[in-house]
Structure formats: C-alpha cells, structure tokens
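Subject: Handover of a structure and notes on it

Dear colleague,

Please find below the structure that I am handing over to you. My notes on it follow directly after it.

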Amino acid sequence: MGAQANAAPVIIKRKKVVGGGGHHGGAWKVAYADFVTAMMAFFMLMWLLNATTEQQRKGIADYFSPTIPINRVSGGGNGAFGGDSIFSEEALAQNGTGSSAQFSSREVQARGTTGTNSVKAEAEQAKLEEIEALLSGGGGESQVMENTLRHIVTRITDEGLVIEIYDLEGIPLFEEASAEPMQLLRDLAAVITQAARSVTNEIAIGGHVRANPVVLAESPVWELSAARATSMRVLLEGAGVTPQRVQRVTGHADRKPVVNNPMSARNNRLEIILLRNIPRN
C-alpha cells in the first residue's frame, strides 16, 4: 500500500485528429478549377480574335446582343396571352440565315440585314468582284497586257474596290521626282477607265510616294503625292471618266509605306477606289 501511494500518477493525453486534406482543406481545388476554366475561356477569346475577320466578329457580337424587342405582355399566341402565333405569315422564318434576301452573303447573314438595301449591296458587291477579276486577269478575257498587269493590285474593302498601281524597280509610273506621267501610266489610266465605265460608283484617288534617302529642310513628299494624285485624276477624266464622279483627291506623302523599307520604289503608288454606293453597315 505504501509503495503504490508513492508512485507518480499516470497522465493520458488524447489528441483530436481533424480531417480535410491538410492545412487548407479542399477549398483550393475548387479555386484552382475555377482558375483553369477562366484561363481556358481567356485563351479561346484570344484565339477567336486572331482567327476571325472583322465581319465575323461583328456577327458574333450581334449574336450576343440581340435587337429583337421583347414585350412583357405578349405570349406569342392567341387568346388570353395575346400576340401573334409563331405560325402566322409575318412570323415565319425567312429564306437564308439571319437575312430576308434569298441569296444573301455571309456578311449580310451575320448582320441580319434585311430589305432592299441588302439586295442592292449584293448586286454592287458582285459588280465590284467582276471588275476586280477583269483587272487581275481572272475573268477569262483580261484587258490588261502581261507587262502592265505587274503594276496592278486589287482588293475589295468596306470602302469599295481599291485599284492600286505602283512602281517597279526601273519601271516608274512618273518621271523622277515629278508628277509628269509616263506612257505606262497613261495606258493604265485607259484600262482603269474602261473598267470603271461599267459602273456609276463615285471615285476617290490617293497618291503615295517613297521616303527620301536624306533629311531635307523642306521635304517635297506632301506636294509630290498630291500632285501625282491630281495628275491621275486628269488622266482618268481625259480617258472618259465623268468629272462629277471624282469625290476625293488626296496626297498621303510617305506616311503609309506598304513594305518595310520606306525608300523602296514599291511605295510609289496610286490608289483608285470605286466607292460603294450602298453602305455595308
């Protein structure tokens, strides 16, 4: 009895074990999953911006911003709900996708353009494409000689059909540092006039020149580009273009080079634009 009374008491410690996968629990997994999802959406957005054209992006934006008015008291049917039935003639779907035109283009479908303007715009687009094919030799019977064809580049933009004519090394359109046209430019003006007379679109002319190799106290690039654009206007009018069709004659100096070398002869160019009569927007 005496020995047991002198023994040290036994102390038992109980540890409480808390589950949950470590110090922060499992909440980090949910946060990480949300982060990965957000990054995937971000990279998909970046890819779409890089892989689509301006018209396609406009169509995507219009899809997520519908302009159809919503009436809170209309139920889309007869009787107590009011409104028109979805099977009525006015509510039936039109031909095409997002357009009332029977043969609408993808751009028109994406914008949901309807009415007469859509048909006129498509007809104008087809005519501009026909002229582009004619000048680029893609229409079967090119009116441009092989040597002359090398000086022409065409492209269709929202503004209209851009006909670009430019210098080649050793084959300029104008006399050196002047607005006096060479015979080559006179021939090009006759060809462009013949193509432009098939439509009534208004015309804009822009002149561009290459940069000077040295820094001058008074650079002549502004005056020279404007003078060359004016010279082209005179040639077109002399070949048969109605003066009232010319709406804009602009000199752009050396501010918009098309190649990396600003002093390249390729930057000496003229742009003749057949402007659209029907806005695309």
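From the N terminus on, the elements of the protein chain run α-α-α-α-α-α-β-β-α-β-α-β-β. The chain thus holds eight helices and five strands; helices (H or I, at least four residues) and strands (E, at least two) are DSSP runs, numbered from the N terminus. The model is a predicted one, in which local features need pLDDT of at least 70 and side-chain atom pairs count only at pLDDT 80 or more, while totals for chains, interfaces and linings use all residues. Residues are numbered from 1 along each chain as its sequence is written, and side-chain values use heavy atoms, with hydrogens and water left out.

**The chain as a whole**

Of the 281 residues in the protein chain, 28% are buried. Here buried means under 20% relative accessible area, exposed means over 50%, and partly exposed lies in between (1.4 Å probe, protein chains only). The accessible surface of the chain comes to about 19,200 Å², and 57% of it belongs to carbon and sulfur atoms; these areas come from the Shrake-Rupley method with a 1.4 Å probe, and for residues only the protein chains shown count as cover. Contact means heavy atoms within 4.5 Å. Among contacts between residues at least 6 apart in sequence, 63% join residues at least 24 apart.

**The nonpolar core**

A nonpolar core is a set of buried Ala, Val, Leu, Ile, Met, Phe, Trp, Tyr and Cys residues joined through side-chain atoms within 4.5 Å. The largest such core has 29 residues, of which Ile165, Leu185, Met232, Leu236, Ile272 and Leu274 touch the most other members. Two or more residues are given to this core by each of helix H5 (116-136), S2, helix H7 (183-196), strand S3 (203-208), helix H8 (221-239) and strand S5 (269-275). The largest share, eight residues, comes from H7.

**Glu164 in strand S2**

Glu164 belongs to strand S2 (residues 160-166). Is Glu164 buried or exposed? With a relative accessible area of 3%, Glu164 is buried. Its side chain makes a polar contact of 2.7 Å with the side chain of Arg266, and another polar contact, of 3.3 Å, joins the side chains of Glu164 and Arg155. A polar contact is a pair of N or O atoms within 3.5 Å; within protein, one must be able to donate a hydrogen and the other to accept it, and residues adjacent in sequence count only if both atoms are side-chain atoms. Beyond its neighbours within four places in sequence, Glu164 is in contact with residues including His151, Val153 and Leu270. The C-alpha atoms of Glu164 and Gly207 are separated by 10.0 Å, although these residues are 43 apart along the chain.

**Helix H8**

Helix H8 has 19 residues and reaches 27 Å from its first C-alpha to its last, close to the 27 Å expected at 1.5 Å a residue; the expected span is 1.5 Å times one less than the number of residues. Its buried residues are Val221, Leu224, Ser225, Arg228, Ala229, Ser231, Met232, Leu235 and Leu236. They cover an arc of only 155 degrees around the axis, so they are on the same side of H8; the arc is that of the directions from the helix axis to the C-beta atoms. An α-helix has 3.6 residues a turn, so residues three or four places apart point the same way. The exposed residues Glu223 and Gly238 are on the face turned away from the buried side. What covers the buried residues of H8 includes S2, H7, S3, strand S4 (246-251) and S5. After H8 comes Gly240, whose phi is positive, near 130 degrees.

Ser225 lies in H8 and is buried, with a relative accessible area of 0%. Which backbone nitrogen lies 3.0 Å from a polar atom of the side chain of Ser225? It is that of Ala253, while the backbone nitrogen of His252 is reached by the Ser225 side chain at 3.5 Å.

Ala253 is in the loop between S4 and S5 and counts as buried at 1% relative accessibility. Its phi is positive, about 55 degrees, although Ala253 is not a glycine. Most residues other than glycine have a negative phi.

Ala177 also has a positive phi, near 60 degrees. This residue is found in the loop between S2 and H7 and is exposed, with a relative accessible area of 60%. Not counting residues up to four places away in sequence, Ala177 touches Leu224 and Arg228.

With kind regards
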